[in-house]
Amino acid sequence: MGGDPAGPINPDEHDFALWEKRVDALMVLTSAAGLMTTDSLRRVLEDMGPDAYETMTYYERWIASVAQNMVEAGAVTTEELGAKMTEVRARGSTYGAAS
Amino acid sequence: MPHDHHDHSHEGLSTSGHPYRADNDTGLSYWQVMEIALRELLIEKGYLTAAQIHAQINAMDSRSPANGARVVARAWVDPEFKAALLDNASEVSRAMGFDIGPMHLIALENTDEVHNVVVCTLCSCYPRNLLGLPPDWYKSRAYRSRTVIEPRKVLSEFGLNLPEQMQVRVHDSTADMRYIVIPAQPEDSFGLSEEALAAWVTRDSMIGVGLPLAPK
Amino acid sequence: MKVRVKSHWPPGHIRTPAYLRGKIGNIERHIGLFNNPEDSAYRQAGPQRELVRVRFHMAEIWGARAERGEDVIEAEIYAHWLEPV
């Protein structure tokens, strides 16, 4: 990345949404609990490849990495995550309704 | 709640002047579903509590560039403090009462001869435990790619044109250190109180892409 | 002290930026011992490593493409990535 050709810097900024803050908090707290590290977060982000950088937002990439890290740590299983995600999806069509 | 913003005048904008990102009232995304599911599972299984998550979000919300501005303003008025800050910025920030956690902080002093600017080419390392979360552009591919090869052009796009003879020092946050730039104090602000000076210190001046500005 | 960043290209999670590998710089300061990201990224314990800040001139890194050769980049490099020059 460092030194690669790139276009102008987009100066637009946004405040973080509640779900993004929760992703951030999950990373900080699971790291403090010894379930993951900054390095294991980054390793999974890098392994997603350059495509993910173009197609996913920052905290979308983060939640994908935290989720994979929790499976690797044995804190949750893929089966549990799949079942819970289906249950959450059935609660409603907005973040507010489902969370 | 973070989105209760009826108590100020800029409708649709946050206290920092930026638009809120829609969340509660837009379609539920796959990644949001994942966040809710993972959070609930971690709570149900006893790894985390809802109170911990709430407290962590509050702690991050309370961190802002105003913290760093207080550090810089004190460095401007107190040479001994500045020397201590340059020696060990983490210790000095903790002594001022800022809860920066385990963060290792290095302060970089701008002078007539040297201008410092901070980037993280590998990810998005930022002194978040002091200044809050980084702005979007800091995490962008463009800023991360270009700052190490054409810092002067990047800075000029931020409106900062440095004299040719001034040395630019680009700091790539590659590992465990985080960085805060101590901008040079503007002459127009000489003689002001520490408290008044803090209002001059912009976030961008502490990243190195801007200068301190007289408060509006 | 003058050092060269090793020009090694193993797979894995590496915090030595590609653009600095093979480049020569001067040690700016020693920071201390830290966990090695190459281990901790994979949940391996591994020994801690010395971390140092190295200062490189833009001319060394980018050659004729540098905006101004006397400008510098400083980066943290784990000592096992450095060799004496």
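These legends go with a set of close-up views of a predicted model with chains lettered A, B and C.

**Before you start.** This model is predicted, and local features need pLDDT of at least 70, side-chain atom pairs count only at pLDDT 80 or more, while totals for chains, interfaces and linings use all residues. Residues are numbered from 1 along each chain as its sequence is written, chains are lettered from A and ligands numbered from 1 in the order in which they are written, and side-chain values use heavy atoms, with hydrogens and water left out.

**View 1. Here is where chain A meets chain B.** Chain A puts 62 residues into the contact and chain B puts in 66 (contact means heavy atoms within 4.5 Å). Together they bury about 5800 Å², with 64% of that coming from carbon and sulfur atoms. Buried area is the accessible area, taken with a 1.4 Å probe, that two parts lose on being put together, summed over both.

**View 2. Zoom in on the charged and polar links between chain A and chain B.** The rule finds 8 salt bridges across this interface, a salt bridge being a side-chain nitrogen of Lys or Arg within 4 Å of a carboxyl oxygen of Asp or Glu. In one salt bridge, the side chain of A:Glu80 meets that of B:Lys45 at 2.8 Å, N to O. On chain A's side, the elements giving two or more residues are α1 (18–32), α3 (50–55), α4, α5 (78–89) and α6 (95–98). The largest share, 13 residues, comes from α1(A). Helices (H or I, at least four residues) and strands (E, at least two) are DSSP runs, numbered from the N terminus.

**View 3. Two aromatic rings sit together in chain A.** The structure holds 12 aromatic pairs over all chains. One of them joins A:Tyr58 and A:Trp62, tilted, at 5.2 Å centre to centre with 35 degrees between the planes. Rings of Phe, Tyr and Trp (its six-membered ring) pair if their centres lie within 6.5 Å; planes under 30 degrees apart count as stacked, over 60 as edge-to-face and the rest as tilted. Because they are 4 residues apart in helix α4 (residues 58–72) of chain A, A:Tyr58 and A:Trp62 are separated by about one helical turn.

**View 4. Now slide over to chain B against chain C.** This contact takes 28 residues from chain B and 23 residues from chain C. About 2200 Å² is buried between them, 48% of it on carbon and sulfur atoms. B:Val148, B:Ile149 and B:Thr174 supply 25% of the area that chain B buries here, more than any other three residues. The rule finds 2 salt bridges across the interface, including B:Arg152 with C:Asp71 at 2.7 Å, N to O.

**View 5. A strand of chain B lines up with a strand of chain C.** Here β3(B) and β4 (residues 72–78) of chain C run parallel, joined by 4 bridges (two strands pair if DSSP finds at least two bridges between them). Look for B:Asp172, which stands opposite C:Ala75 in β4(C). Chain C itself has 2 helices and 5 strands, in the order β-β-α-β-α-β-β along the sequence.

Terms used: A polar contact is a pair of N or O atoms within 3.5 Å; within protein, one must be able to donate a hydrogen and the other to accept it, and residues adjacent in sequence count only if both atoms are side-chain atoms.
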